[in-house]
Amino acid sequence: MNDIFEGLVAAALLVVTLDADLVDITLRSLQVTMTALVVASAIAIPLGTWLAIRRFRYRRVVIAVMNALMGLPPVVVGLIVYILLSRAGPFGVLGLLFTPTAMIIAQVIIITPLIASITHQAMRDLWAEYHDLLISLNTNRRQRIAALVWDGRRTLLTASLAGFGRAIGEVGAIMIVGGNIENATRVLTTAIALETGKGDFALALGLGFVLIALALVVNLSIHWLSRTEREGRW
Amino acid sequence: MIRVVLAVLALGLSGWMALAEDFKLAVTTSFHNSGLSDVLLPAIAEDTGLNVQLLVVGTGQALKLGEAGDVDAILVHSRAAEEAFLEAGHGTHRRGIMYNDFVIIGPASDPADVSKAETAAAALMAISTAQVPFVSRGDDSGTHKKELSLWAAAGLDPAALGGWYRPVGAGMGASLNTAAGMNAYILSDRASWLNFGNTADLTLVYAGDPVLFNQYAYLPVHPDKNAAIKHEAALRLEAWLVSDRAKALINEYKVGGETLFVFNAK
């Protein structure tokens with residue numbers, strides 16, 4: 001219990017003094033995760049919606065696989081991305097290993113199935129409701145996807161925030177592909193793992209509280225910006 | 001779309017990285033946890049202009065990164081593995097830089113009377129006779145390899161030991177945390193131990209046997225692997241590591257009043 005209190009004190013100290021290293025790794029955490037989130041959402045939201053309205057032969061299989069991939073072990077994703085990006089691997093010439101880009105790639109792979117699955121679930125229900133209307137208006141597929149995505153935007157926000165939550169707290173994959181290099185690829189989670197390894201629990205917990213606070217701030221500000229949960233609009 | 005995003009990102013990153021000459025060095029957790037790197041890196045940047053980026057991993061993974069050509073050089077401590085690495089043509093040569101020593105850490109009450117042992121092998125024998133918990137790194141690191149060689153010297157097979165022998169498959173710090181939680185014995189390098197914050201009821205119970213000597217060596221990765229390996233920079237860093245400035249910094253580095261490393265490059 002004492003460690004938790006010391007962790008709170010350490011977190012407060014780090015934030016109040018605006019510790020340069022803390023600001024640096026926090027911004028990098030945000031940069032990596034936000035980029036991954038934008039890329040993953042750009043793939044997953046149209047994909048999930050498309051799966052909801054399109055009927056084809058192997059649809060069930062595709063959906064089952066997508067749902068299963070929600071549980072992808074990050075360490076395995078990290079290892080595979082490492083092998084692909086390694087100088088000895090197929091994409092080695094790009095020189096992306098141990099850069100934030102490699103971390104973004106790994107996170108996109110981890111969170112895309114999650115966002116796509118939640119999107120699909122929400123869009124399926126919405127499609128049941130909109131089906132007759134959109135068909136009778138003689139819309140094409142692109143217009144249907146656009147209508148569903150727009151009217152389901154609040155649920156899609158939840159889907160994206162779930163992806164954000166998984167990505168910002170992820171450590172296994174980005175440790176392998178990023179390498180936890182100081183001033184280059186160190187982010188909050190890998191810094192926490194490092195400080196735990198040194199037995200400095202107070203600093204590790206302090207960073208942990210900063211991470212939790214960051215997730216809260218991001219979620220609150222997105223809700224505030226998109227004006228959800230307000231009277232008469234939810 | 002994704003390709004465009006990635007290309008833009010990669011371009012931005014490569015532009016930003018061109019500012020300083022980055023050099024990737026894979027080092028062992030024990031070297032980094034000692035805190036010595038925080039002293040050496042700024043001095044290296046000052047004297048050689050190299051921005052050394054440390055990849056802190058176990059010796060096994062460090063050798064693997066060198067083998068794949070993903071780092072420019074490695075600094076590790078496991079002689080047999082290093083020689084196999086050179087034998088396979090993954091590195092150009094091996095240069096001893098400094099040494100520290102391994103110590104046996106255990107509960108302050110010392111239930112196995114390890115502190116009375118004459119040799120490191122006898123100390124492990126005492127632990128095995130008393131059947132008290134012992135945490136092993138179990139991660140193929142230099143420290144783990146040293147521990148296995150000590151069990152072999154004691155005439156014991158770690159695989160056949162009882163449930164009190166607990167390989168955790170983790171780095172030095174994480175393993176020390178586990179040992180602290182279980183109040184178990186553990187083999188650690190002195191530097192990691194002195195820098196370790198969460199000691200709980202553990203204390204240093206045995207040190208001093210010459211077999212516990214822990215040589216750190218620097219191995220540049222062979223430049224034939226790929227065009228991105230900075231061999232010239234690797235040689236420049238080696239020249240600095242064996243210089244008088246490095247000697248002074250290494251020999252004078254102290255934690256809690258104790259010297260951690262002894263410079264012995266020739």
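**View 1. Helices α1(A) and α10(A) meet in a right-handed crossing.** Right-handed here says that the near helix is turned clockwise from the far one by less than a right angle, and left-handed anticlockwise. This is a predicted model, in which local features need pLDDT of at least 70 and side-chain atom pairs count only at pLDDT 80 or more, while totals for chains, interfaces and linings use all residues. Residues are numbered from 1 along each chain as its sequence is written, with chains lettered from A and ligands numbered from 1 in the order in which they are written. Helix α1 covers residues 2-16 of chain A and helix α10 covers residues 201-225; they pack at an angle of about 65 degrees, and their axes are 7 Å apart. (Axes are lines fitted to C-alpha atoms, for helices over the stretch in contact; angles run from 0 to 180 degrees between N-to-C directions.) On the α1(A) side, look for A:Asp3, A:Ile4, A:Glu6, A:Gly7, A:Leu8, A:Ala10, A:Ala11, A:Leu14 and A:Val15. They meet A:Phe201, A:Ala202, A:Leu203, A:Leu205, A:Gly206, A:Gly208, A:Phe209 and A:Val210 in α10(A), where a contact is a pair of C-beta atoms, placed from the backbone, within 7 Å. By class, the residues of this contact are 12 nonpolar, 3 polar and 2 charged. (Nonpolar is Ala, Val, Leu, Ile, Met, Phe, Trp, Tyr, Cys and Pro; charged is Asp, Glu, Lys and Arg; the others, Gly among them, are polar.)

**View 2. Chain A has 10 helices and 0 strands.** Read from the N terminus, its elements go α-α-α-α-α-α-α-α-α-α. (Helices, H or I with at least four residues, and strands, E with at least two, are DSSP runs numbered from the N terminus.) The C-alpha trace of chain A spans about 65 × 55 × 30 Å along its principal axes. Of the 234 residues in chain A, 44% are buried; that takes 20 or more other C-beta atoms within 10 Å of a residue's own, while 12 or fewer makes a residue exposed and anything in between partly exposed, with C-beta atoms placed from the backbone. Take the contacts in chain A between residues at least 6 apart in sequence: 77% of them join residues at least 24 apart.

**View 3. A:Phe98 has a positive phi.** Its value is about 60 degrees, although A:Phe98 is not a glycine. You'll find A:Phe98 in the loop between α4 (74-85) and α5 of chain A. A:Phe98 counts as buried because it has 26 C-beta neighbours inside 10 Å.

**View 4. Chain A touches chain B.** The contact pairs 26 residues of chain A with 29 residues of chain B. On the chain A side, α2 (20-53) and α5 each supply at least two residues. That side of chain A has 13 nonpolar, 9 polar and 4 charged residues.

**View 5. The largest nonpolar core has 132 residues.** Such a core is a set of buried Ala, Val, Leu, Ile, Met, Phe, Trp, Tyr and Cys residues joined through C-beta atoms within 7 Å. The residues with the most contacts inside this one are A:Ala102, A:Ala106, A:Val177, B:Leu25 and B:Ile74. Helix α5 (residues 100-136) of chain A gives the most to the core, 14 residues. Domain 1 and domain 2 of chain B each put in at least three. Zoom in on B:Leu25 and, leaving out residues up to four places away in sequence, it touches B:Val52, B:Leu54, B:Val71, B:Asp72, B:Ala73, B:Ile74 and B:Leu75.

**View 6. Chain B is divided into domain 1 (2-99 + 213-263) and domain 2 (101-212).** Those bounds come from an automatic or database domain assignment. The C-alpha centres of domain 1 and domain 2 of chain B lie 28 Å apart, and the contact takes 20 residues from each of these domains. On the domain 1 side, α2 (29-33), α4 (59-67) and β9 (213-220) of chain B each supply at least two residues, and α2(B) has the largest share, with 3. The residues on that side of domain 1 divide into 6 nonpolar, 13 polar and 1 charged.

**View 7. B:Thr59 sits in helix α4 of chain B.** B:Thr59 is buried because 27 other C-beta atoms lie within 10 Å. Not counting residues up to four places away in sequence, B:Thr59 touches B:Thr28, B:Val76, B:His77, B:Ser78, B:Ala81, B:Ser141 and B:Gly142. B:Lys145 is 86 residues apart from B:Thr59 along the chain, yet their C-alpha atoms are separated by 9.5 Å.

Technical notes:
Two residues are in contact if their C-beta atoms, placed from the backbone, lie within 7 Å.
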